[in-house]
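This briefing covers the fold, the surface and selected side-chain interactions of one protein model. Please consult the sequence and the coordinates alongside the points below.

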Amino acid sequence: MKRAGFEADKKELILFNRKTAEMENLTEDFEKSVDEILWSPDSKVIYFIAGNEIYNSIYKLYIEEEEIEIFHKDNYNTWIQISKDGKTLYFSRKNHPENIGGVKDQEDIWYSELGADGKWSLAKNMGEQFNNSKPNFVNTISSTPDGQVVLLLGNKYLSKGKMVAGVSISSNEG
């Protein structure tokens with residue numbers, strides 16, 4: 001936001017060069033407000049969320065080219081996280097008909113995979129192993145160095161519907 005106290009101002013993505021102390025506004029010509037920023041592991045791309053009509057869409061900004069591309073747009077997406085190798089993007093999708101609890105399900109964990117052509121696949125629901133009919137999200141991911149086991153930190157449900165922080169563990173073995 002350009003002016004302190006003016007929360008209605010557009011949130012912009014400013015790149016600060018610590019060596020030169022120069023700042024560059026990467027979204028000056030982008031008409032939407034930026035939220036939930038995330039660097040790619042190779043530092044060439046910044047992923048972010050921005051409101052898009054009634055949705056929260058996922059965008060990618062190619063830093064050198066200063067080019068912004070939308071790639072998951074017609075849904076309300078949030079809580080973006082990226083795998084260590086930069087090839088899997090995890091996020092929550094709210095009130096989607098393919099959520100485990102249907103359109104009334106507040107959010108499920110979804111993922112998208114980066115293809116050899118540099119394009120992200122259509123999003124896929126992570127299924128009942130990670131989701132139920134209550135809100136599900138990922139706020140942290142971690143994996144073993146060999147990538148065989150992935151830990152997803154999100155939520156866990158107790159009796160009477162109470163929700164607390166929880167961990168899901170997934171393995172590529174067997």
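Helices (H or I, at least four residues) and strands (E, at least two) are DSSP runs, numbered from the N terminus. With that convention, Phe 137 is found in the loop between β10 and β11 (140-143). The model is predicted, so local features need pLDDT of at least 70 and side-chain atom pairs count only at pLDDT 80 or more, whereas totals for chains, interfaces and linings use all residues. Residues are numbered from 1 along each chain as its sequence is written, and side-chain values use heavy atoms, with hydrogens and water left out.

**Overall architecture**

- The protein contains zero helices and 13 strands, which gives the sequence pattern β-β-β-β-β-β-β-β-β-β-β-β-β.
- Of the 174 residues in the protein, 38% are buried; buried means under 20% relative accessible area, exposed means over 50%, and partly exposed lies in between (1.4 Å probe, protein chains only).
- Among the contacts with a separation of 6 or more, 31% come from residues 24 or more positions apart, a contact being heavy atoms within 4.5 Å.

**Strand β8 and its partners**

- Six of the seven residues of strand β8 (residues 88-94) are buried, so this strand is largely enclosed by the rest of the structure.
- Strand β7 (residues 76-82) pairs with β8 in the antiparallel sense over five bridges; two strands pair if DSSP finds at least two bridges between them.
- Within this pairing, Ile 82 stands opposite Leu 89 in β8.
- The two strands β7 and β8 form a hairpin with five residues between them, and Gly 86 in the turn has a positive phi of about 75°.
- Strand β8 also pairs with β9 in the antiparallel sense, over six bridges, and Ser 92 stands opposite Ile 109 in β9.
- In a regular strand the side chains alternate between the two faces of the sheet.

- Ser 92 lies in strand β8 and counts as buried because its relative accessibility is 0%.
- The side chain of Ser 92 makes a polar contact with the side chain of Glu 107 at 3.4 Å. A polar contact is a pair of N or O atoms within 3.5 Å; within protein, one must be able to donate a hydrogen and the other to accept it, and residues adjacent in sequence count only if both atoms are side-chain atoms.
- Not counting residues up to four places away in sequence, Ser 92 touches Tyr 76, Asn 77, Thr 78, Trp 79, Glu 107, Asp 108, Asn 136, Phe 137 and Val 138.
- Phe 137 is itself buried, at 13% relative accessibility.
- Although Phe 137 and Trp 110 are 27 residues apart in sequence, their C-alpha atoms are 8.8 Å apart in space.

**Salt bridges**

- The structure holds three salt bridges, each defined as a side-chain nitrogen of Lys or Arg within 4 Å of a carboxyl oxygen of Asp or Glu.
- Lys 10 and Glu 12 meet through their side chains in a salt bridge of 3.4 Å, N to O. Lys 10 is partly exposed at 22% relative accessibility, and Glu 12 is partly exposed at 23%.
- Glu 31 forms a salt bridge with Lys 32, with the closest N and O atoms 3.2 Å apart. Glu 31 counts as exposed at 70% relative accessibility, whereas Lys 32 is buried with a relative accessible area of 18%.
- Glu 113 forms a salt bridge with Lys 124, with the closest N and O atoms 3.8 Å apart. Because Glu 113 lies in strand β9 (residues 108-113) and Lys 124 in strand β10 (residues 124-125), the pair ties together parts that are eleven residues apart in sequence.
- Glu 113 is partly exposed, with a relative accessible area of 36%, and Lys 124 is also partly exposed, with 37%.

**Surface**

- The accessible surface of the protein comes to about 10900 Å², of which 49% belongs to carbon and sulfur atoms. Accessible areas come from the Shrake-Rupley method with a 1.4 Å probe; for residues, only the protein chains shown count as cover.
- Ile 14, Phe 16 and Met 23 make a nonpolar surface patch of about 340 Å². Patches are made of residues with over 30% relative accessible area and no salt bridge: like charges are joined within 9 Å, and nonpolar side chains (Val, Leu, Ile, Met, Phe, Trp, Tyr) within 5 Å.
- Met 23 lies in strand β2 (residues 22-25) and counts as exposed at 65% relative accessibility.
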